[in-house]
Amino acid sequence: MLMADEPGARRPPPGFGRGGPPEKCVCPQCGYEAPKRRGIPCRSLTCPNCELPLVGEI
Ligand SMILES: [Zn+2]
């Protein structure tokens with residue numbers, strides 16, 4: 001019998017500071033903004049308008 005029911009077993013590590021840095025991905029051409037996702041580089045995201053890879057902005 002499996003008892004994989006531990007609470008808090010897969011908790012994400014605490015981020016730096018409070019709230020985390022204001023990171024976002026921005027299209028260099030039209031300024032489209034997309035929220036930065038952890039583990040996903042901005043380059044892997046593309047602007048829906050220009051189809052260009054987004055760049056990170058802090
Ligand atoms: Zn764009």
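Predicted model: local features only at pLDDT ≥ 70, side-chain atom pairs only at ≥ 80, totals over all residues.

Biologist: Is glutamate 33 exposed, partly exposed or buried?
Modeller: Partly exposed, because glutamate 33 has 13 C-beta neighbours inside 10 Å. The buried class needs 20 or more, and exposed means 12 or fewer.

Biologist: What is glutamate 33 in contact with, leaving aside neighbours within four places in sequence?
Modeller: Lys24 and Val26.

Biologist: And how far is glutamate 33 from glycine 56 in space?
Modeller: 9.7 Å, C-alpha to C-alpha. In sequence the two are 23 residues apart.

Biologist: Zoom out. How many helices and strands does the protein have?
Modeller: Zero helices and three strands. From the N terminus the elements run β-β-β.

Biologist: In what order do the strands lie in the sheet?
Modeller: S2-S1-S3. The sheet is open, and the pairing is antiparallel.

Biologist: Which strands are at the edges?
Modeller: S2, residues 33–35, and S3, residues 55–57. Each of these pairs on one side only.

Biologist: What about twist?
Modeller: It averages 35 degrees from one strand to the next.

Biologist: Over how many bridges do S1 and S3 pair?
Modeller: Three, in the antiparallel sense. S1 covers residues 24–26. In general, strands of a sheet pair through backbone hydrogen bonds, either parallel or antiparallel.

Biologist: Which residue in S3 is the bridge partner of lysine 24?
Modeller: Glutamate 57.

Biologist: Stay on glutamate 57. What does it touch, beyond four places in sequence?
Modeller: Glutamate 57 is in contact with Lys24 and Val26. Glutamate 33, over in S2, has contacts with Lys24 and Val26 too.

Biologist: Is glutamate 57 exposed, partly exposed or buried?
Modeller: Partly exposed, since 13 other C-beta atoms lie within 10 Å of glutamate 57.

Biologist: Switching to loops. Where does threonine 46 lie?
Modeller: In the loop between S2 and S3.

Biologist: How far is threonine 46 from valine 26?
Modeller: 9.4 Å, C-alpha to C-alpha. They are 20 residues apart in sequence.

Biologist: Glu51 came up there. Where is glutamate 51?
Modeller: Glutamate 51 is also in the loop between S2 and S3.

Biologist: What is phi of glutamate 51?
Modeller: Near 60 degrees. That is a positive value in a residue other than glycine.

Biologist: Why does glutamate 51 count as exposed?
Modeller: Because it has 9 C-beta neighbours inside 10 Å. The exposed class takes in residues with 12 or fewer.

Biologist: Last topic, the whole chain. What share of the residues counts as buried?
Modeller: 9% of the 58 residues.

Biologist: And what share of the contacts with a separation of 6 or more comes from residues 24 or more positions apart?
Modeller: 31%.

Biologist: Great, that covers my list.

Definitions and conventions. Residues numbered from 1 in each chain as written. Pairing = 2+ DSSP bridges. Helix = DSSP H or I, 4+ residues; strand = E, 2+ residues; numbered from the N terminus. Axes fitted to C-alpha atoms, helices over the stretch in contact; angles between N-to-C directions. Contact = placed C-beta atoms within 7 Å.
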